[in-house]
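Visitor: Could we go through this structure together? I would like to begin with the overall layout.

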Amino acid sequence: MTPMDFSFQDLSGTFSVADVAIAMTLSFVLSAMIGWVYRATHRNVSYSQSYVQTLVVLGMLISLIMLVVGSNIARAFALVGALSVVRFRNAIKETRDVGFIFLVMGVGMAVGTRFYLLAVVAAVTISLIVVVMHRFDWFQLNVRRQVVKVQVPADEDHTHAIQDVLIRHTDEFELVSMESIRGGALTELMYTVKIKKGGEPADLMAALRERNHGQSVTVLTGYDQTDL
């Protein structure tokens, strides 16, 4: 009686059930770790649970694809052709999201080609670097510059009145755009400003509200938005 063979034989070589189990398990563990690092270091309001879950699944899928392709060039080109018909229409909200996508792809490729030690070392090292940069706020540029949007009635020119307020409350300002809204009933002025040291966006908003006849005033400060 011949023993049962649990190996998969194809043109790219042989990989066993143990190889598949190790690749799937390790890619899941490393991708999940990267997902937790992404979640712990995320600062914006655009956090998406489905994106993090996609990171985990993507790492495992890349590992599986690398097992299937192996060293077979013909199969690799066939796979590229098959994937070229896929179109992704979701816009990436932050550039760091792209970095995490490439990270899980790289880890998945290393695991799928059975470079297990490389995958572990790379995932742990890069994750630690991300955590350290988040913890110590590396490369932060502390510039107190805001975007101010003011809506004024379109029946007369309110530019000088708005600029008088900006002169009192800011060190510098620049008119970026002027747009007609609400069917021409209102004009929206957008400025970039640098609030004076010790000043607060709320003070600037209150002063602008006195000049724009109760219309909307919006101050965008980094990731935070204050609207009145």
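Visitor: How many helices and strands does the protein have?

Guide: The protein has 7 helices and 7 strands, where helices (H or I, at least four residues) and strands (E, at least two) are DSSP runs numbered from the N terminus. This is a predicted model, in which local features need pLDDT of at least 70 and side-chain atom pairs count only at pLDDT 80 or more, while totals for chains, interfaces and linings use all residues. Residues are numbered from 1 along each chain as its sequence is written, and side-chain values use heavy atoms, with hydrogens and water left out.

Visitor: In what order do the elements run?

Guide: From the N terminus, the order is β-β-α-α-α-α-α-β-α-β-β-α-β-β.

Visitor: And where is confidence lowest and where is it highest?

Guide: The mean pLDDT (the predictor's confidence in each residue, from 0 to 100) is lowest in strand S7, residues 224-227, at 42, and highest in H5, at 95. Over residues 223-228 the pLDDT is below 50, and this stretch has 17 contacts in the model beyond near neighbours in sequence; a contact means heavy atoms within 4.5 Å. The average for the protein is 80, and 79% of the residues score at least 70.

Visitor: What share of the residues is buried?

Guide: Of the 228 residues, 32% are buried. Buried means under 20% relative accessible area, exposed means over 50%, and partly exposed lies in between (1.4 Å probe, protein chains only).

Visitor: Turning to the surface, which residues form a nonpolar patch?

Guide: The patch consists of Ile129, Val132, Met133, Phe136, Trp138 and Phe139, with about 640 Å² of accessible area together. Such areas come from the Shrake-Rupley method with a 1.4 Å probe, and for residues only the protein chains shown count as cover. Patches take residues with over 30% relative accessible area and no salt bridge, joining like charges within 9 Å and nonpolar side chains (Val, Leu, Ile, Met, Phe, Trp, Tyr) within 5 Å. A salt bridge is a side-chain nitrogen of Lys or Arg within 4 Å of a carboxyl oxygen of Asp or Glu.

Visitor: Where is Val132 found?

Guide: Val132 is found in helix H5 and is partly exposed, at 31% relative accessibility.

Visitor: What is the phi of Asp137?

Guide: Asp137 is not a glycine, yet its phi is positive, near 55°. Most residues other than glycine have a negative phi. Asp137 is placed in the loop between H5 and strand S3 (145-153).

Visitor: And what about Arg114?

Guide: Arg114 also is not a glycine and has a positive phi, of about 70°. Arg114 lies in the loop between helix H4 (95-112) and helix H5 (116-135).
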